[in-house]
Amino acid sequence: MNQHRYLKYYILAVSFIMLSACNSKKEKEETVEQPNILFILSDDHTSQSWGLYGGILADYVKNDNLQRLANEGAVLNNAFCTNSICTPSRGSILTGQYSHVNQVYTLNEPLPKGHPNIAKTLSANGYQTAIIGKWHLVGQPEGFDYFNVLPGQGLYWDPVMKTKEDWVDGHDGTKGIVHKGFSTDVITNMTISHLEKRDEEKPFLMFCNFKATHEPFEYPERFADLYTGMEIPEPESLFDFGKETTGRTFGGQILERLAARWDEATKNPEEFWTQYPGLPYPLEGLDSIQKRKKIYQKLVKDFMRCGAAIDDNIGRLLDYLEAKGIADNTIVVYTADQGYFLGEHGFFDKRLIYEESLRMPFVIRYPKKIKGGQRIDDIILNIDFAPLMADYAGIEKPVYTQGRSFRKILEGETQDDWRKQMYYRYWLHTPDRPAHFGIRDHRYKLALFYGQDLGKKGTSKVTTEPQWEFYDLHEDPKELHNAIHEAKYASIIQDMKERLKEERKKYGDMDEEFPVMQEIVKSAFE
C-alpha cells in the first residue's frame, strides 16, 4: 500500500515537473525578443546598378557589402513602388498606404499632422525610434524620438541637418547645423553615433536615409578614378529617340536634357540649382549617336561612383552591428525609394510604370528567421514594408495600412493567397511624363496615361490625350513595343482592364472627386 502510495506521488511529482518544463518552454517560445530594425534607404539607387540583379552593369558596380547582405539574407526580385518618385514613396514606406490615402501625391506635400505611421506604432510598443538623413516629406517628422534630417534634397558636401530644436518646414536649412564631409559618410557617422547612445534595454527602429544616388550623382574623392579609361556597356534601347519605333505614347525625360543641365551649370554655376562633378563636359561637334553615347558614359559612371560610397557605408553599418554583438537580433533592410533610368529608352530619371523605374531593389537580413541566399519572386509593394516591420515587432497588422506583411514568405512559407498583380499610380503630371495608373502581374503590364493634372502641386496644366500602353514582359522584357493594338492580346487586355478596375476599387482610388476622370475612365474602359 505504501509502495503504491509512493508510486502515485512519484508519478504526480514527475508529471508536475514535466508540465512545468513544458509550460516554461511554451512561455519561452511565446516571449519572443523584439528585434532591432535598421532600415537603410537610398534615393534612386536603381536595381540595374546593384549587381545583384544581373544586367549589363553587374561586372562593373562596387557591391561587396550588398553581396554580403544578399548572401546572408533574402533578395526580392519583384518589389515595386506604388508611385515612383521620392516623396510619395517615402510616405508609402512609412504609412503602408497609397498616395491617395496618405495625401502625399507629388514632391511638395507633407504627411498630414497626426497621420499614423510605423514609427508611431513601434514607439508605442516599446521601440526607440530615429531617422537620420534624407526626409523630404516637407513637414516635421512625427513618431520619431530623434530625428536629424536634410532640408529638402540636401547637399552632398558639408550637408546642413535639421533637428527638432532648429526645425523649419520645407527645404529651409537656415537654422540647421553644417556637418563636414560627404553626405553618405556623414549620415552613417551620425547613425552609428546615435546607436551608441541608445538604451540597450530597448529595441530600436533606425531609419538611415542616404541622399545618394540622387542627381547630381556626386561622389567622394576615393572613387574619383573608378571607371577612368573604361567603356561601360550600353543598354539595348539607348538610341530610342522617339515614340515612333516603340509605340510609346509620350516623349519622356531624354538624356539630352541632362546634358543641357550640365551645360547650364557650367555657364551659370552661381545661379543653377545644383553643381555636377566633372564639368565642363564638352559635347560640341558630335552627331546624335555620338552625343548620346557620351552623355550615357558620364551619367552611368557618376551614378556608380556615387553608389560605391553607399556600398562602403553599408559595410560600416554591418560591421558596427557585429562589433556590438547585436547583428543576429537586428533586421537589416536595404532598399531604394524607387528605380531609375540609366539610359534605357534614352531616358534618365524615374516616375514611370516602366520596369527600370517601377522596380525597388530590396534585400533583407535577419539571421534568426530568414535563410540566407534566398531569391523571392512574389510581388511585394512598398506599402507592405510597414506591416512587415510591425509583424516582426510582435504587433498586429496596423489597421491604417493597406499593405500586408510578407514575413511568412521570407521565412519560407508559401502564401497561396498572396497578390498576383499590383496597382500603380503616378500623379505628378507633365506632358512628357503624363499622369497615369496601371496594373502589372507576373507577365503583363497595362497602363492608362490619362494626362490630367487634377490640381496637384507641381503639375503642368497642359493636359494630354488619354492613351493605353500594354507590354508582354515575357516576350518583350525591355518594354520596347507597345502591343495595345495587337489582336492576339485583345482578350488579355480586356481581362486586365477588368482587373485594373477591381484594383482601383480595392484600394479606394476611384477619382470620385474628379469629374474629368470619371469621363476619361468611362470612355477608356468601354
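Strands E17 (residues 444-449) and E18 pair in the antiparallel sense over six bridges. Pairing here means that DSSP finds at least two bridges between two strands, and the elements themselves are DSSP runs numbered from the N terminus: helices are H or I with at least four residues, strands are E with at least two. In E18, Tyr471 is the bridge partner of Lys445. Strand E18 (residues 467-472) is mostly covered, with five of its six residues buried. A residue is called buried under 20% relative accessible area, exposed over 50% and partly exposed in between, using a 1.4 Å probe and protein chains only.

Before going further, a word on what you are looking at: this is a predicted model, in which local features need pLDDT of at least 70 and side-chain atom pairs count only at pLDDT 80 or more, while totals for chains, interfaces and linings use all residues. Residues are numbered from 1 along each chain as its sequence is written, and side-chain values use heavy atoms, leaving out hydrogens and water.

Let us turn to another sheet. Strands of a sheet pair through backbone hydrogen bonds, either parallel or antiparallel. Here, eight strands form an open sheet with mixed pairing, in the order E5-E4-E8-E1-E9-E12-E2-E13. Its edges are strand E5 (146-149) and strand E13 (374-376), each of which pairs on one side only. On average, neighbouring strands of this sheet are turned by 15° against each other, direction ignored. Within the sheet, strand E9 (residues 330-336) and strand E12 (residues 362-365) run antiparallel and are joined by four bridges. Thr335 stands opposite Phe362 in E12.

Helices lie across these strands. Helix H2 (residues 64-72) lies across strand E2 (74-76), E9 and E12, and runs at about 60° to E12. Axes are lines fitted to C-alpha atoms, for helices over the stretch in contact, and angles run from 0 to 180 degrees between N-to-C directions. Helix H3 (residues 86-95) lies across strand E1 (36-42) and E8, running at about 170° to E1.

H2 also packs against H9, at an angle of about 50° and with the axes 7 Å apart. H2 and H9 are therefore oblique to each other; angles under 35 degrees count as roughly parallel, over 145 as roughly antiparallel, 65 to 115 as roughly perpendicular and the rest as oblique. Asp64, Asn65 and Arg68 are among the H2 residues that meet H9, where Asp311, Ile314 and Leu318 are among those in contact. Contact means heavy atoms within 4.5 Å.

Aromatic rings are the next thing to look for. Rings of Phe, Tyr and Trp (its six-membered ring) pair if their centres lie within 6.5 Å; planes under 30 degrees apart count as stacked, over 60 as edge-to-face and the rest as tilted. By this rule the count comes to 33 aromatic pairs. In one of them, Phe217 and Phe303 are tilted, at 5.6 Å centre to centre and 50° between the planes. This pair links distant parts of the chain, 86 residues apart: Phe217 is in the loop between strand E8 (204-209) and helix H7 (243-246), and Phe303 is in helix H9 (residues 288-323). Both Phe217 and Phe303 are buried. Elsewhere, ring pairs join Phe39, Trp135, Phe144, Phe207, Phe362, Phe385 and Phe406 into a cluster.

Some rings also have a charge over them, meaning that NZ of Lys or CZ of Arg is within 6 Å of the ring centre and within 35 degrees of the ring normal. Lys298 lies over the face of Tyr281, 5.6 Å from the ring centre. The charged end of Arg305 sits over the ring of Tyr219, at 5.3 Å from its centre.

Phe385 of the ring cluster is also one of the buried residues of H11. Helix H11 (residues 385-392) is mostly covered, with seven of its eight residues buried. Just after H11, Gly394 takes a positive phi of about 80°.

Leu352 is found between strand E11 (348-349) and helix H10 (355-358), and counts as buried at 1% relative accessibility. Leaving aside neighbours within four places in sequence, its contacts include Ser84, Phe250, Tyr424 and Phe449. Gln415, in the loop between helix H12 (407-410) and strand E15 (421-426), is buried with a relative accessible area of 15%. Not counting residues up to four places away in sequence, Gln415 touches Arg404, Lys408 and Ile409.
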